[in-house]
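Student: I would like to go through the labels on this structure one by one. For each, I want the value, the cut-off and the conclusion.

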Amino acid sequence: MRGCGQSWRLGGTRPKESGLHPGAWWLWALALGTAATRTTNPLLLTLLIATSAYVVATCRPNAPWARSYTAFVKLALAVLLIRLAFAVAFGSPLPGTHVIVTLPEVPLPHWAQGVRLGGKVTAETLANAFYQGLRLAALLICVGAANSLANPARLLKSLPGALYEMGVAVVVALTYAPNLIADVHRLRAARRLRGRPDTGIRGLLHVGLPVLEGALERSVALAAAMDSRGYGRTADVPPRVRRTTTALTLGGLLGVCAGTYGLLTAAGTAYGLPVLLTGLTAALAGLRLGGRRTPRTRYRPDRWDSRAWLVTGSGAAVAALLTLAATRDPAALNPAVIPLTAPTLPLWPAAAVLLGLLPAFISPAPAPAPEEPS
């Protein structure tokens, strides 16, 4: 079976990448994150998290930057716990009848009306905080899935020339967390092999300094590599082309903003979609013209094939169907906490979430880890 991410060969040769476009993974993950923002039902959110986890476990490549999913899950769990702690400490304006515990209340001045420290902690308050925190946690986990599945270097290579300079900054920012986590694991493993402590304050200090030093060295090496490759050079284009590029890009972005606003408001549904499509067309044309200022060549460019369309389409279908379900049956996707009732699992929105599992079946399985030479 072919590998989803990288298939390693002996002899130190460069691993062969998967044919799936990295942009498809990001669009799929962002679509699942969009679906997570449309509901506070903990059952649907748990199903979304399980869907992303299964796809990551099935298609994650054997690369250091692909090991950040666990860290994002831990971050999501921390966000959920912090949200619950704030609900306990600061309370909520929601009325509730199921009192769990009564904490000592700290009196606040008159200018802090609406804020409470301590007091009654009700089950309704905790349920509302749990629903809101779980939605944010699901969104973070979807972003972690994109970081674990999409190769950032290949994603940068696929950007149009007009966005290359901005894309470098974005890719460096997105890869900082995976590289940092990989360095921490590597250094902690090295300290354990040497019999040195890798936990506690002392271990954190001894691990943190080499990690920061390594991040600085990578930044300097990246700057040197970009300078040696002529990064930032521009080509001479006629003034008329520059003015046309600026007009198309700015006009397209304004059209995208106006069309998005029209789709989000009830009064603008008639003009929202046409204005949005017109703005996208103008913005894409401006980006294509703007790419003439940055002469670039691509070695083995990634192809957007049928599998990439299917992966993107599966995520878009989940987002579209949950948006439709939130409009037609808001009570099922956003269960009320007053009165406090147990959430139910709506059947067809749950089936829509399962469409996000399609990449696990159409993408090849990941290649095995490289074998050590004997």
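Tutor: Start with patches. A residue can join a patch only with over 30% relative accessible area and no salt bridge, and nonpolar side chains are joined within 5 Å. Keep in mind that this is a predicted model.

Student: Which residues make the nonpolar surface patch of about 520 Å²?

Tutor: Ile-82, Phe-86, Phe-90, Val-106, Leu-108 and Val-115 make the patch. Helix α3, residues 69-90, gives the largest share, 3 residues.

Student: What makes Leu-108 partly exposed?

Tutor: Leu-108 has a relative accessible area of 33%. Buried is under 20% and exposed is over 50%. The value falls in between, so Leu-108 is partly exposed. Leu-108 lies in the loop between β3 (99-106) and β4 (117-122).

Student: On to the rings. How many aromatic pairs does the structure hold?

Tutor: The structure holds 4 aromatic pairs. One of them is Trp-25 with Trp-28.

Student: Why is the pair of Trp-25 and Trp-28 called edge-to-face?

Tutor: Two values decide it. The ring centres are 5.9 Å apart, and the cut-off for a pair is 6.5 Å. The planes stand at 85 degrees, and over 60 counts as edge-to-face. Therefore the pair of Trp-25 and Trp-28 is edge-to-face.

Student: Where do Trp-25 and Trp-28 lie?

Tutor: Both are in helix α1, residues 22-36. They are 3 residues apart, about one turn of the helix.

Student: How do you know whether Trp-25 and Trp-28 are buried or exposed?

Tutor: Trp-25 has a relative accessible area of 3%, and Trp-28 has 0%. Buried means under 20%, so Trp-25 and Trp-28 are both buried. Both also belong to the largest nonpolar core, which has 40 residues. Trp-25 and Trp-28 are among the residues that touch the most other members, including Leu-48, Val-55 and Leu-149. Elements giving two or more residues to this core include α1, α2 (42-59) and α10 (306-328).

Student: What makes α1 mostly covered?

Tutor: Of its 15 residues, 12 are buried. Among them are Pro-22, Trp-26 and Leu-32.

Student: How do you know that the length of α1 agrees with its 15 residues?

Tutor: At 1.5 Å a residue, α1 should span 21 Å. The expected span uses one less than the number of residues. The end C-alpha atoms of α1 are 22 Å apart, which agrees.

Student: Where does His-21 lie, and is it buried or exposed?

Tutor: His-21 is in the loop between β2 and α1. Its relative accessibility is 10%, so His-21 counts as buried. His-21 and Ala-308 are 287 residues apart in sequence, yet 6.1 Å apart in space, C-alpha to C-alpha. Leu-20 lies in that loop between β2 and α1 too. At 4% relative accessibility, Leu-20 counts as buried.

Student: Why is the contact of Arg-307 with Asp-305 called a salt bridge?

Tutor: The closest N and O atoms are 3.9 Å apart. The cut-off is within 4 Å, so Arg-307 and Asp-305 form a salt bridge. The count comes to 1 salt bridge. Arg-307 is buried at 17%, whereas Asp-305 is partly exposed at 23%.

Methods. Residues are numbered from 1 along each chain as its sequence is written. This is a predicted model: local features need pLDDT of at least 70, side-chain atom pairs count only at pLDDT 80 or more; totals for chains, interfaces and linings use all residues. Side-chain values use heavy atoms; hydrogens and water are left out. Rings of Phe, Tyr and Trp (its six-membered ring) pair if their centres lie within 6.5 Å; planes under 30 degrees apart count as stacked, over 60 as edge-to-face and the rest as tilted. Helices (H or I, at least four residues) and strands (E, at least two) are DSSP runs, numbered from the N terminus. Buried means under 20% relative accessible area, exposed over 50%, partly exposed in between (1.4 Å probe, protein chains only). Patches are made of residues with over 30% relative accessible area and no salt bridge: like charges are joined within 9 Å, nonpolar side chains (Val, Leu, Ile, Met, Phe, Trp, Tyr) within 5 Å. Accessible areas come from the Shrake-Rupley method with a 1.4 Å probe; for residues, only the protein chains shown count as cover. A salt bridge is a side-chain nitrogen of Lys or Arg within 4 Å of a carboxyl oxygen of Asp or Glu. A nonpolar core is a set of buried Ala, Val, Leu, Ile, Met, Phe, Trp, Tyr and Cys residues joined through side-chain atoms within 4.5 Å.
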